[in-house]
Amino acid sequence: MDPFVIGTVLATNAATFGLTYLLCSKGSKRFNTTIDIDSKKVATIVSPEEISKKVEETGKPIAYCRCWKSKKFPLCDGSHNKYNNEAGDNLGPLVIKK
């Protein structure tokens with residue numbers, strides 16, 4: 001996979017983590033209300049090769065959830081749309097394409 005794509009994925013995830021940390025540390029409502037709640041930290045580890053393989057196999061972009069509402073977590077199922085309408089937010093997935 002292109003190093004630019006890998007860098008973009010890492011930077012986007014870092015930015016999402018930073019935003020989540022800042023909002024949650026200010027006493028805001030918890031983002032993650034359903035995914036592996038009993039764990040101290042939810043971490044999904046996917047190698048760039050795994051992502052490339054999945055994109056190649058399906059021929060379609062792969063969307064990773066960033067709203068913590070997906071029933072298919074860590075993949076996006078579009079749950080952010082309902083959340084955005086209710087919360088007035090603008091969350092969306094991280095989309096990886098070839």
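I begin with a term: a residue is buried when its relative accessible area is under 20%, exposed when it is over 50%, and partly exposed in between, using a 1.4 Å probe and protein chains only. This is a predicted model, in which local features need pLDDT of at least 70, side-chain atom pairs count only at pLDDT 80 or more, and totals for chains, interfaces and linings use all residues. Residues are numbered from 1 along each chain as its sequence is written, and side-chain values use heavy atoms, leaving out hydrogens and water.

Cys65 counts as buried because its relative accessibility is 11%. Cys67 is buried too, at 4%. A disulfide is a pair of cysteine sulfur atoms within 2.5 Å. How many disulfides does this rule give? The count is zero. For Cys65, the nearest cysteine sulfur belongs to Cys67 and is 3.9 Å away.

Next, the helix α2. Helices (H or I, at least four residues) and strands (E, at least two) are DSSP runs, numbered from the N terminus. Which residues of α2 are buried? They are Ile51, Ser52 and Val55. These residues cover an arc of only 100 degrees around the axis, so they lie on the same side of α2; the arc is taken from the directions from the helix axis to the C-beta atoms. The face turned away from that buried side carries the exposed Glu49, Lys53 and Glu57.

The buried residues of α2 pack against β1 and β2, where contact means heavy atoms within 4.5 Å. After α2 comes Gly59, with a positive phi near 70 degrees.
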